[in-house]
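Please look through the fold below with me. The notes that follow go point by point, from the whole chain down to single residues.

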Amino acid sequence: MAINGKTWNEAEHDLVVGDYFVMLDKVMTGRALDPATHQRALRFVTNRSGGAITFLQGEISAILTLVGLPTLKDHPPRWDFGDVLVDAIDRHLTAKPAALKDLAQPPALLGRAAAPVLAEGAPAQAVPVRPSERTRALIARFDPADRDGDARILSRIGVAAALAYEQTRLTARGRPDLADQVRLALPPDDEGCDLVSFSRTGAPRRIAVKTTTGGAATPFRLNQGEEALSREQPEAFQVYRLYDVAREARVFRVRGARGAV
């Protein structure tokens with residue numbers, strides 16, 4: 001891709017991608033971060049303007065969003081990235097698998113004594129462009145729906161957070177009696193959900209909890225039991241999508257969800 005008439009080469013992409021992950025690691029581990037220092041260093045080694053570097057960092061955020069990883073909040077996604085940048089991110093994640101694991105399941109989150117407190121979040125918006133074939137291959141390789149679904153510790157943290165959220169929600173709405181009845185699902189009677197809860201009027205809710213450290217747009221999948229429950233009890237079935245749980249810990253609801261989002 002060319003910015004200001006000058007094409008980024010492979011080495012420059014690798015430098016900016018590597019620095020982005022260094023900054024992201026600092027954010028996720030609570031260490032001090034001075035973005036201006038990183039910007040100056042990148043300007044020196046790439047001989048690029050600060051604006052060009054910031055533009056590229058936004059493109060990196062877009063790609064990481066698609067593979068379900070956290071991003072730097074100061075660099076919102078820019079969706080007109082090219083396949084050469086996708087290649088650079090692929091090289092980084094392939095060379096440093098520990099970085100992928102620590103971002104998807106941050107040690108600081110897994111070591112917490114209590115589940116995170118959830119806040120209401122905005123539902124995911126559709127990606128404004130259709131990913132290229134190369135980008136789709138990257139998403140498939142680092143499939144966030146499979147990765148998050150297989151992360152049992154992350155799942156347990158999410159269910160505990162959603163349980164507390166439901167109890168707080170019902171209590172705040174004047175139904176402490178129902179809050180006391182919110183419980184973990186007990187298979188086989190509650191097959192296809194993680195929590196049994198209620199609306200404020202007492203209508204049953206069967207909640208499947210899907211948890212990620214990525215953003216609101218990170219895709220998820222329903223398992224076979226959840227798919228069946230969504231068909232059998234569409235009025236009761238809901239997905240609670242927990243995202244960015246290692247930082248802001250937010251949730252939005254999807255009613256009658258089926259398949260991947």
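**Notes on the fold**

1. Start with overall size. For 261 residues, a compact globule would have a radius of gyration near 18 Å, and the chain has 20 Å, which agrees. That radius is taken over C-alpha atoms, and the globule rule is 2.2 Å times the number of residues to the power 0.38. Along the principal axes, the C-alpha atoms fill a box of roughly 65 × 35 × 30 Å.

2. A word on the source. This is a predicted model, in which local features need pLDDT of at least 70 and side-chain atom pairs count only at pLDDT 80 or more, while totals for chains, interfaces and linings use all residues. Residues are numbered from 1 along each chain as its sequence is written, and side-chain values use heavy atoms, with hydrogens and water left out.

3. Next, the parts list. The chain has eleven helices and eight strands. Both are DSSP runs numbered from the N terminus: helices are H or I with at least four residues, strands are E with at least two.

4. How much of the chain is covered? Buried residues make up 46% of the 261 residues. Buried means under 20% relative accessible area, exposed means over 50%, and partly exposed lies in between (1.4 Å probe, protein chains only). The accessible surface comes to about 12,800 Å², and 53% of it belongs to carbon and sulfur atoms. These areas come from the Shrake-Rupley method with a 1.4 Å probe; for residues, only the protein chains shown count as cover.

5. Contacts reach along the sequence. Take contacts between residues at least 6 apart in sequence: 66% of them join residues at least 24 apart. A contact means heavy atoms within 4.5 Å.

6. Now the sheet. Six strands form an open sheet in the order β3-β8-β7-β6-β5-β4, with mixed pairing. β3 (119-120) and β4 (183-184) stand at the edges with a single partner strand each, so one side of each has no neighbour in the sheet. Two strands pair if DSSP finds at least two bridges between them. Strands of a sheet pair through backbone hydrogen bonds, either parallel or antiparallel.

7. Follow β6 (residues 204-211). Seven of its eight residues are buried. β6 pairs with β5 (residues 195-198) in the antiparallel sense, over four bridges.

8. What joins β6 to β7? Six bridges do, and β6 and β7 (residues 237-243) run parallel. The chain crosses from β6 through helix α11 (residues 224-232) to β7, and this β-α-β crossover is right-handed. Right-handed means that, with the strands pointing away from the viewer, the path from the first strand over the helix to the second runs clockwise. Bridge partners in β7 include R241 for K210 and Q238 for I207.

9. Two helices are worth a check on length. The expected span is 1.5 Å times one less than the number of residues. The 21 residues of α9 (residues 152-172) should span 30 Å, and the end C-alpha atoms of α9 are 30 Å apart, which agrees. α3 (residues 50-66) has 17 residues and reaches 25 Å between its end C-alpha atoms, close to the expected 24 Å. Of those 17 residues in α3, 14 are buried.

10. Look at V27 in helix α1 (residues 10-28). V27 is partly exposed, with a relative accessible area of 32%. Leaving out residues up to four places away in sequence, V27 touches L33, L72 and R247.

11. Finally, the backbone exceptions. Most residues other than glycine have a negative phi, and most peptide bonds are trans. N47, in the loop between α2 (35-46) and α3, has a positive phi near 60°. N47 is exposed, at 62% relative accessible area. A249 sits in the loop between β7 and β8 (250-255), with a positive phi of about 55°. A249 is buried, at 2%. The peptide bond from P187 to P188 is cis, with omega near 0°. P188 lies in the loop between β4 and β5.
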